[in-house]
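Here is a short report for a reader meeting this protein for the first time. Look over the sequence and the model, then read on.

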Amino acid sequence: MPPDVTHFRPLLAPLVQFSLPPTTRAHEKHLPSHKYCQGSKGMNITKKKLIPILVLIISIISILRLLSLTVRTSSSSPGLSVVSPAPQHSSPPLSTRQNASYAPGSSEQPKRPPNATLTEKEFKVLSNLIALKSPCNLLIFGFQPQYLFLSSMNAAGSTIFLEDDHYTISKVTINSNNTRIYKLGYNVPAKEAYNLLKHARKNKACSPNPRLLQKSKCKLALKSLPAEVYEKNWDVIVIDGPSGDSPLSPGRMAPIYTAGVLARAGNISDVVVHDVDRIIEKWFSWEFLCHENLLYSKGKLWHFRIRDHSNSTRFCPAGIVTIEQ
């Protein structure tokens with residue numbers, strides 16, 4: 001038999017429950033919710049403070065980006081006070097040309113109207129014409145640095161500039177016997193254009209006779225030009241002077257009339273007039289170069305081709321252009 005084992009019940013620690021007073025229990029019930037309310041209130045205060053701070057940070061970043069863009073733009077584009085206009089054509093620098101160059105030693109620009117420069121398309125019309133005609137006799141009323149490229153293209157021919165601005169002439173150096181520039185004076189202001197046009201229509205002395213140009217009694221005739229101007233047959237005549245940019249400044253009435261007479265001395269002459277958007281250039285081109293001779297127009301340029309009419313008593317066979325004052 002197995003030995004007897006004394007059965008005993010282990011002693012268990014008594015379960016003791018401490019009960020809190022009713023007031024303490026009520027306080028504990030409300031305590032967690034009270035702490036939660038305090039945390040939620042704290043979070044609400046933090047969000048309200050963060051919103052203006054975030055707005056301020058974003059604004060500062062935007063301003064910094066804008067300032068950075070402004071600095072980059074200003075550094076990449078030079079100031080207007082130091083920029084000189086780029087050439088309208090792809091000609092070599094003036095100092096490298098063989099037959100003409102702009103005299104160095106002065107930072108001032110020639111006293112020309114600000115809109116006197118030909119556009120790229122206008123200059124292309126002239127350069128293409130000279131390339132086609134060269135070597136040729138080229139007569140230019142007026143002067144611009146752009147035109148030196150035309151004389152270099154016509155190095156084997158003869159080029160004459162007629163300019164009224166002494167300052168412009170003093171800044172030009174000619175290095176070729178085939179290119180010359182002459183000082184030409186104009187005494188008639190642009191405001192006399194209408195009266196001169198009426199005079200030409202009524203006076204038989206203003207008929208297109210190249211042989212009588214030097215002795216002409218027509219008020220529009222230029223009679224004091226260099227002798228070689230009257231002696232040569234001109235293949236190309238360009239009219240871009242005098243300025244004619246105000247009623248009191250010298251107008252282009254006489255150059256257009258004289259070009260119309262000289263052009264009729266040869267077999268075929270091309271006459272190019274600049275600034276035909278102005279009323280004097282337009283009037284006198286119609287009157288003495290004739291609309292039916294208009295070959296081409298580009299921008300402010302009109303290109304006329306005039307054939308030999310040395311025996312004609314009138315410029316335009318198609319009648320008189322009506323012009324109202």
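Predicted model: local features only at pLDDT ≥ 70, side-chain atom pairs only at ≥ 80, totals over all residues.

The protein chain has 8 helices and 9 strands. Of its 325 residues, 40% count as buried. Among contacts with a separation of 6 or more, 68% join residues 24 or more positions apart. The chain exposes about 20,500 Å². Carbon and sulfur atoms supply 58% of that area.

**Cores**

In soluble globular proteins, nonpolar side chains tend to be buried together.

| Core | Residues in core | Members, including |
|---|---|---|
| Largest nonpolar core | 46 residues | Leu139, Phe141, Leu220, Ile237, Tyr257, Val271, Phe284 |

Take Leu139 as an example. Leaving aside residues up to four places away in sequence, Leu139 touches Ile160, Leu162, Val229, Trp234, Val236, Ile237, Val238 and Leu262.

**Surface patch**

Which residues form a nonpolar patch on the surface? They are Leu50, Ile53, Leu54, Ile57 and Ile61. Together they have about 440 Å² of accessible area. One of them, Ile57, sits in helix α1, which covers residues 22-76. Ile57 has a relative accessible area of 40%, so it counts as partly exposed. Partly exposed is the range between buried, under 20%, and exposed, over 50%.

Conventions. Residues numbered from 1 in each chain as written. Heavy atoms only, no water. Patch = residues over 30% accessible without salt bridge, like charges linked within 9 Å, V, L, I, M, F, W, Y side chains within 5 Å. Areas by Shrake-Rupley, 256 points an atom, 1.4 Å probe, with all protein chains shown as cover. Salt bridge = Lys/Arg side-chain N within 4 Å of Asp/Glu carboxyl O. Helix = DSSP H or I, 4+ residues; strand = E, 2+ residues; numbered from the N terminus. Buried < 20%, exposed > 50% of the residue type's maximum accessible area, 1.4 Å probe, protein only. Contact = heavy atoms within 4.5 Å. Core = buried A, V, L, I, M, F, W, Y, C linked by side-chain atoms within 4.5 Å.
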